[in-house]
Amino acid sequence: VQLVESGGGLVQAGESLRLSCAASGRTGSINAFGWYRQAPGKQRELVATFSIGGSTYYADSVKGRFTISRDELTMNMLKPEDTAVYYCTLFSAAGLQFWGQGTQVTVSS
């Protein structure tokens with residue numbers, strides 16, 4: 001399974017970005033999709049998830065600003081603290097988790 005993120009870049013605070021995640025290969029049954037991020041010097045943190053059943057989860061820091069769908073993460077009202085490498089992930093029904101290589105998002109103040 002290969003996951004490839006796209007859509008990262010450099011924006012100013014208050015602007016928007018849309019990240020996409022393209023999956024290829026034999027994933028088998030999928031439970032959920034998700035996005036993590038990792039800022040310099042910090043641990044990787046879960047940003048949002050989208051389950052096959054349609055339920056979503058958002059970290060408190062992004063609620064009301066980010067929207068997740070099956071293969072996209074729309075980020076509005078970006079803040080400098082959103083600067084990080086963003087990784088898409090896939091949770092399989094077999095209990096496996098697949099990762100993309102990451103895409104850089106930089107928000108200037």
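Two strands pair if DSSP finds at least two bridges between them. Strands themselves are DSSP runs (E, at least two residues), numbered from the N terminus. The model shown above is predicted: local features need pLDDT of at least 70, side-chain atom pairs count only at pLDDT 80 or more, and totals for chains, interfaces and linings use all residues. Residues are numbered from 1 along each chain as its sequence is written, and side-chain values use heavy atoms, with hydrogens and water left out.

The strand pairs come first. Strand S4 covers residues 30–38 and strand S5 covers residues 45–51; the two run antiparallel and are joined by six bridges. Within this pair, Trp 35 is opposite Ala 48 of S5. Six residues lie between the strands in the hairpin of S4 and S5, and there Gly 41 has a positive phi near 80°. S5 also pairs with strand S6 (residues 56–58), again in the antiparallel sense, over three bridges.

Another set of pairings involves S3. Strand S1 (residues 2–6) and strand S3 (residues 17–24) run antiparallel and are joined by five bridges. Leu 3 has Ala 23 in S3 as its bridge partner. S3 pairs with S8 as well, in the antiparallel sense, over four bridges. Here Leu 19 is opposite Leu 73 in S8.

How many disulfides does a search of the whole structure find? The search finds one. A disulfide is a covalent bond between the sulfur atoms of two cysteines; the cut-off used here is a pair of cysteine sulfur atoms within 2.5 Å. Cys 21 and Cys 88 form the disulfide, with their sulfur atoms 2.1 Å apart. This pair links distant parts of the chain, since Cys 21 is in strand S3 and Cys 88 is in strand S9, 67 residues apart. The torsion about the S-S bond of Cys 21 and Cys 88 is about 50°, so the disulfide is right-handed. Both cysteines are buried, where buried means under 20% relative accessible area, exposed means over 50%, and partly exposed is in between (1.4 Å probe, protein chains only).

Thr 89 is also found in strand S9. Its relative accessibility is 2%, so Thr 89 counts as buried. Two polar partners can be named for its side chain. A polar contact is a pair of N or O atoms within 3.5 Å; within protein, one must be able to donate a hydrogen and the other to accept it, and residues adjacent in sequence count only if both atoms are side-chain atoms. The side chain of Thr 89 makes such a contact with the side chain of Gln 97, at 3.0 Å. A polar atom of the Thr 89 side chain also lies 2.8 Å from the backbone oxygen of Phe 98. Contact in general means heavy atoms within 4.5 Å. Leaving aside neighbours within four places in sequence, the residues in contact with Thr 89 include Leu 3, Trp 35, Gln 97 and Phe 98.

Gly 100 sits in the loop between strand S10 (97–99) and strand S11 (103–108). With a relative accessible area of 11%, Gly 100 is buried. Not counting residues up to four places away in sequence, Gly 100 touches Leu 3, Glu 5, Tyr 87 and Cys 88. Gly 100 and Trp 35 are 65 residues apart in sequence, and their C-alpha atoms are 9.6 Å apart in space.

The loop between strand S8 (72–75) and strand S9 (84–92) holds Asp 82. Is Asp 82 buried or exposed? Asp 82 is buried, because its relative accessible area is 1%. Its side chain makes a polar contact of 2.7 Å with the side chain of Arg 65. Residues up to four places away in sequence aside, Asp 82 touches Arg 37, Arg 65, Phe 66, Met 77, Val 105 and Val 107.

Met 77 lies in the loop between S8 and S9. Its relative accessible area is 46%, so Met 77 is partly exposed. Most residues other than glycine have a negative phi. Met 77 is not a glycine, yet its phi is positive, at about 50°.
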